[in-house]
Amino acid sequence: KPKIVDIGCGSGNIGISLKSEKPDWQIDLVDIDKKALEIATQNNTQHKLELNIIESDLFGELKTSYDVV
């Protein structure tokens, strides 16, 4: 089960699509822009997926290591 981070996730479409195909993978969406994170959260709410949405400048606030960036 890989841990994946989508840096600069924007609307979250890549991470959300990946999570819908691979629900057992850990996927974190990261962006510095609050508006982008709001949109990613709204998009994720529609799909009801369990993923993390994190406000961060690149890796600044991330507390884990990842298999795929």
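**View 1. Strand β2 runs parallel to β3.** Strands here are DSSP E runs of at least two residues, and helices are H or I runs of at least four, numbered from the N terminus. Two strands count as paired if DSSP finds at least two bridges between them. Leucine 29 stands opposite isoleucine 53 in β3. The model is predicted: local features need pLDDT of at least 70, side-chain atom pairs count only at pLDDT 80 or more, and totals for chains, interfaces and linings use all residues. Residues are numbered from 1 along each chain as its sequence is written, and side-chain values use heavy atoms, without hydrogens or water.

**View 2. An open, parallel sheet of 3 strands.** The order is β1-β2-β3. β1 (3–7) and β3 (52–55) are the edge strands, each pairing on one side only. On average, neighbouring strands are turned by 20° against each other, direction ignored. Axes are lines fitted to C-alpha atoms, for helices over the stretch in contact; angles run from 0 to 180 degrees between N-to-C directions.

**View 3. Helix α2 packs on the sheet.** This helix, residues 34–47, touches β2 and β3 (contact: heavy atoms within 4.5 Å). Its direction makes about 170° with that of β3. Leucine 37 touches Cys9, Asp31, Ile53, Ile54 and Glu55, not counting residues up to four places away in sequence.

**View 4. The largest nonpolar core has 9 residues.** Among them are Ile4, Ile16, Leu29 and Leu37. Such a core joins buried Ala, Val, Leu, Ile, Met, Phe, Trp, Tyr and Cys residues through side-chain atoms within 4.5 Å. Buried means under 20% relative accessible area (1.4 Å probe, protein chains only). β2 and α2 each supply at least two core residues.

Terms used: Buried < 20%, exposed > 50% of the residue type's maximum accessible area, 1.4 Å probe, protein only.
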